[in-house]
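Subject: Structure handover

Hi,

Here is the structure I promised to pass on to you. Please open it alongside this email, and I will walk you through what turned up.

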Amino acid sequence: MRVLILSDIHANRVALEAVLADASGYEAVWCLGDLVGYGPDPNECVEQVRSLPQLTCLVGNHDKAVLGEVDLGVFNFDASLALRWTRKAVSEETLDYLRRLPEWEQFGEFTLVHGSPREPVWEYILDRFIARENFPLFKTAYCLVGHTHTPVIYRETVPSGDCLEEPPSYARPRALNGQRLIINPGSVGQPRDSNPQAAYALLDTEALVWEHRRVPYDVLETQRRMRAAQLPERLVQRLALGW
Ligand code: ZN
């Protein structure tokens, strides 16, 4: 099965549409959470994601914050302002959908969480040391995570139990050969790896091939929509730089 992997769309409809126009030949979609927060189009993004084929969608920390399940004090100032805006902007239908999203899913050899196996919604796997602590906490060969908005692969080395970090390769797909991996596809709607292009991935679960991908989108249009919504200027500007 060919699977489109999305994460951290963050209400950026223009970026989401660019990804959907760029991706092809997939039969299922796995979305790793944070549909909303930061961006100007939460309802439109939720509606669009819901229409995707064979969809599995997880809940992220921003989704939970919009649901009122988390105190906004845990977020930085700009993020909490954007979440306040989002709480006012979302429809009942959007809230109903977000409320039903699971924190953890498993398909064959793939575990899916937003943050990490240790803390599915909250922990950031920011380096190989944090990744190393998480490898014993899932049973499958592969774990897909989002949350950091940075595409990366962590590989467990055997028998040391150590962990190595691999940068994403956009030039050629990566074979998954049974070695245990934690893989982050990067963020559709707010990349933070100094590359403003929308990030996503394609996975072939039978051939066991992973493909990190980037696609440019009309950042200026998303910025225009954010300013019209009076979302924080720092959040507007960061999209152009990818931080
Ligand atoms: Zn996020």
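One definition before we start: two strands are said to pair if DSSP finds at least two bridges between them. Please also keep in mind that this is a predicted model.

With that in hand, look at strand S5 (residues 110-113) and strand S6 (residues 142-144), which pair in the parallel sense over three bridges. Within this pairing, Thr111 stands opposite Cys143 in S6. Both strands belong to an open sheet of six strands, ordered S4-S5-S6-S10-S7-S8, with mixed pairing. At its edges are strand S4 (104-107) and strand S8 (163-166), each of which pairs on one side only. On average, and ignoring direction, neighbouring strands of this sheet are turned by 20 degrees against each other.

There is another open sheet of six strands, in the order S3-S2-S1-S11-S12-S9, and its pairing is mixed. Strand S3 (55-57) and strand S9 (174-175) have a single partner strand each, so one side of each is left without a neighbour in the sheet. S2 and S3 run parallel and are joined by three bridges, and Trp30 stands opposite Thr56 in S3.

Now to the metal site. The zinc ion is coordinated by Asp8 (OD), His10 (NE2), Asp34 (OD) and His149 (NE2), at 2.1 to 2.4 Å. The angles among the four donor atoms run from 87 to 178 degrees, and the site is irregular. Why does it not count as tetrahedral? That label needs all angles to lie between 85 and 135 degrees, and the range here reaches 178 degrees. Along the sequence, the donor residues follow the spacing D-x1-H-x23-D-x114-H. His10 lies in the loop between strand S1 (2-6) and helix H1 (13-22), while Asp34 lies in the loop between strand S2 (28-31) and helix H2 (42-50), so this pair ties together parts that are 24 residues apart in sequence. His10 is buried, with a relative accessible area of 1%, and Asp34 is buried with a value of 1%.

The axes of H1 and H2 come within 9 Å and cross at roughly 25 degrees. Angles under 35 degrees count as roughly parallel, and H1 and H2 are therefore roughly parallel to each other. In the contact, Arg13, Leu16, Glu17 and Leu20 of H1 meet Glu44, Cys45, Gln48 and Val49 of H2.

Enjoy looking around!

Best wishes

Terms used:
Residues are numbered from 1 along each chain as its sequence is written. This is a predicted model: local features need pLDDT of at least 70, side-chain atom pairs count only at pLDDT 80 or more; totals for chains, interfaces and linings use all residues. Side-chain values use heavy atoms; hydrogens and water are left out. Donors are N, O and S atoms within 2.8 Å of the metal (3.2 Å for Na, K and Ca); water is not among the atoms, so sites may look incomplete. Four donors count as tetrahedral if all angles lie between 85 and 135 degrees; four count as square planar and six as octahedral if opposite donors are over 155 degrees apart and all others between 65 and 115; anything else is irregular. Helices (H or I, at least four residues) and strands (E, at least two) are DSSP runs, numbered from the N terminus. Buried means under 20% relative accessible area, exposed over 50%, partly exposed in between (1.4 Å probe, protein chains only). Axes are lines fitted to C-alpha atoms, for helices over the stretch in contact, and angles run from 0 to 180 degrees between N-to-C directions. Angles under 35 degrees count as roughly parallel, over 145 as roughly antiparallel, 65 to 115 as roughly perpendicular and the rest as oblique. Contact means heavy atoms within 4.5 Å.
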